Amino acid sequence: MEVLFEAQVVSLPVECAIARAVVNIFREASADGEVVSQAIYGSRVLVEDRQPGWSKIRAVDDCRGWLESTGLSELDRAPYAPDGRVLRVRSLAANVYSEPSVTSRPPLLQLPWEACLEPASESSDGPDQWLRIRLVDGWYAWVQKGDVVPLLPELSISETLELARRFTGVTYTWGGVSSFGFDCSGFTQMLMRQRGINMPRNAAQQAEWGNLAAIDLENIEPGHLLFFGRHETKINHTGMFLGCRQFIHATAHCHPGV
């Protein structure tokens with residue numbers, strides 16, 4: 001007897017959420033290739049193409065590349081952590097547990113600054129210092145209230161500079177965008193995002209971005225961005241001016257880190 005199977009056709013692009021703490025985005029569909037950026041837990045991406053084991057994605061900052069499909073969860077019904085129902089990690093690292101206890105079992109996940117989580121829709125009877133959350137894969141877990149905030153408010157320049165100093169010592173990671181490791185433009189992009197400004201991904205793109213204006217060095221003020229390169233059309237590094245001839249940046253020089 002002949003048996004017919006109907007192949008399921010999935011139209012692209014399709015919206016997915018990142019299901020790991022941090023995933024690398026590669027230029028090509030190979031883990032041996034160049035990392036162009038990263039994406040962190042709970043953030044949304046659009047899948048534009050697929051190869052076996054790999055998905056070509058476009059991130060919210062318009063960065064495109066390939067990541068391993070196991071790091072994605074397809075959103076077939078509703079967005080994960082939609083506006084009004086989103087928690088963001090406020091600590092440099094936050095543990096997520098299967099039950100409201102730090103001692104009973106090891107963490108399910110350790111998440112970086114800014115990772116997105118969705119609060120559970122139903123009430124829970126957990127201890128006061130804990131929140132029940134729904135994970136990207138649909139399972140439920142717990143996080144301590146002190147590690148998350150319902151919404152990260154837009155910061156003033158002075159608050160941004162104070163925040164920047166919190167990351168001092170975080171390691172340098174090429175393509176890094178999280179408190180587990182930044183590169184130079186990933187760091188400045190994150191800082192400007194706290195002020196409600198969504199910039200392109202790499203330093204050259206940021207320097208050429210139409211929403212930035214060049215100024216003379218004598219007019220530089222705390223919170224302004226600095227760009228470095230052999231020529232103004234060959235920018236390869238960036239940082240943020242702190243004042244008093246100091247700036248903060250993620251650097252690979254000598255002791256890699258912020």
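Here is a tour of the cores, a sheet, a helix, a pocket and a few loop residues.

Keep in mind that this is a predicted model.

**The cores**

Let's start on the inside. The largest nonpolar core is made of 22 residues. Tyr 41, Tyr 80, Leu 111, Leu 117, Ile 133 and Leu 135 have the most contacts inside this core. Strands S8 (87-89), S9 (93-96), S10 (109-112), S11 (116-119) and S13 (140-144) each give two or more residues to it. A separate core has 20 residues, including Trp 113, Leu 163, Leu 225 and Val 258.

Which residues does Tyr 80 touch, if you skip those up to four places away in sequence? Among them are Ala 17, Tyr 41, Leu 75, Cys 116, Leu 117 and Leu 135.

**The sheet**

Now find the open sheet of 5 strands, with the order S13-S12-S11-S8-S14 and antiparallel pairing. S13 and strand S14 (148-149) are at the edges with a single partner strand each, so one side of each has no neighbour in the sheet. In general, strands of a sheet pair through backbone hydrogen bonds. Here, S8 and S11 run antiparallel and are joined by 2 bridges. Leu 87 has Leu 117 of S11 as its bridge partner, and Leu 117 is also one of the residues with the most contacts inside the largest nonpolar core.

**A helix with two faces**

Next up is helix H1 (residues 157-166), whose buried residues are Thr 160, Leu 161, Leu 163 and Ala 164. Why do these residues count as being on the same side of H1? They span an arc of only 160 degrees around the axis, so they share one side of H1.

**The largest pocket**

The largest pocket holds about 990 Å³ of space. Its lining has 37 residues, and Ser 43, Val 60, Arg 88, Cys 116 and Arg 193 lie nearest the centre. At least two lining residues come from each of S3, strand S4 (44-51) and H2. S3 gives the largest share of the lining, with 4 residues.

**Loop residues to look up**

How do they compare on relative accessibility?

| Residue | Relative accessibility | Class |
|---|---|---|
| Ala 31 | 48% | partly exposed |
| Asp 62 | 45% | partly exposed |
| Ser 91 | 14% | buried |
| Cys 244 | 77% | exposed |

Ala 31 sits in the loop between strand S2 (22-26) and strand S3 (35-40). Ala 31 and His 224 are 36 Å apart, C-alpha to C-alpha, and 193 residues apart in sequence.

Ser 91 belongs to the loop between S8 and S9. With neighbours within four places left aside, Ser 91 is in contact with Pro 112, Trp 113, Gly 146, Asp 147 and Arg 166.

Asp 62 is in the loop between strand S5 (54-58) and strand S6 (64-68). Asp 62 is not a glycine, yet it has a positive phi of about 75 degrees. Cys 244, in the loop between S18 and S19, is not a glycine either and has a positive phi of about 55 degrees.

Conventions: Residues are numbered from 1 along each chain as its sequence is written. This is a predicted model: local features need pLDDT of at least 70, side-chain atom pairs count only at pLDDT 80 or more; totals for chains, interfaces and linings use all residues. Side-chain values use heavy atoms; hydrogens and water are left out. Buried means under 20% relative accessible area, exposed over 50%, partly exposed in between (1.4 Å probe, protein chains only). A nonpolar core is a set of buried Ala, Val, Leu, Ile, Met, Phe, Trp, Tyr and Cys residues joined through side-chain atoms within 4.5 Å. Contact means heavy atoms within 4.5 Å. Two strands pair if DSSP finds at least two bridges between them. The arc is that of the directions from the helix axis to the C-beta atoms. On a 1 Å grid over the protein atoms alone, a cavity is a set of points where a 1.4 Å probe fits but cannot get out, and a pocket is an open set with protein on both sides within 12 Å along at least five of seven lines; lining residues have an atom within 4 Å of a point. Grid points are joined across faces, edges and corners, and a volume is the space filled by probe spheres set on the points.
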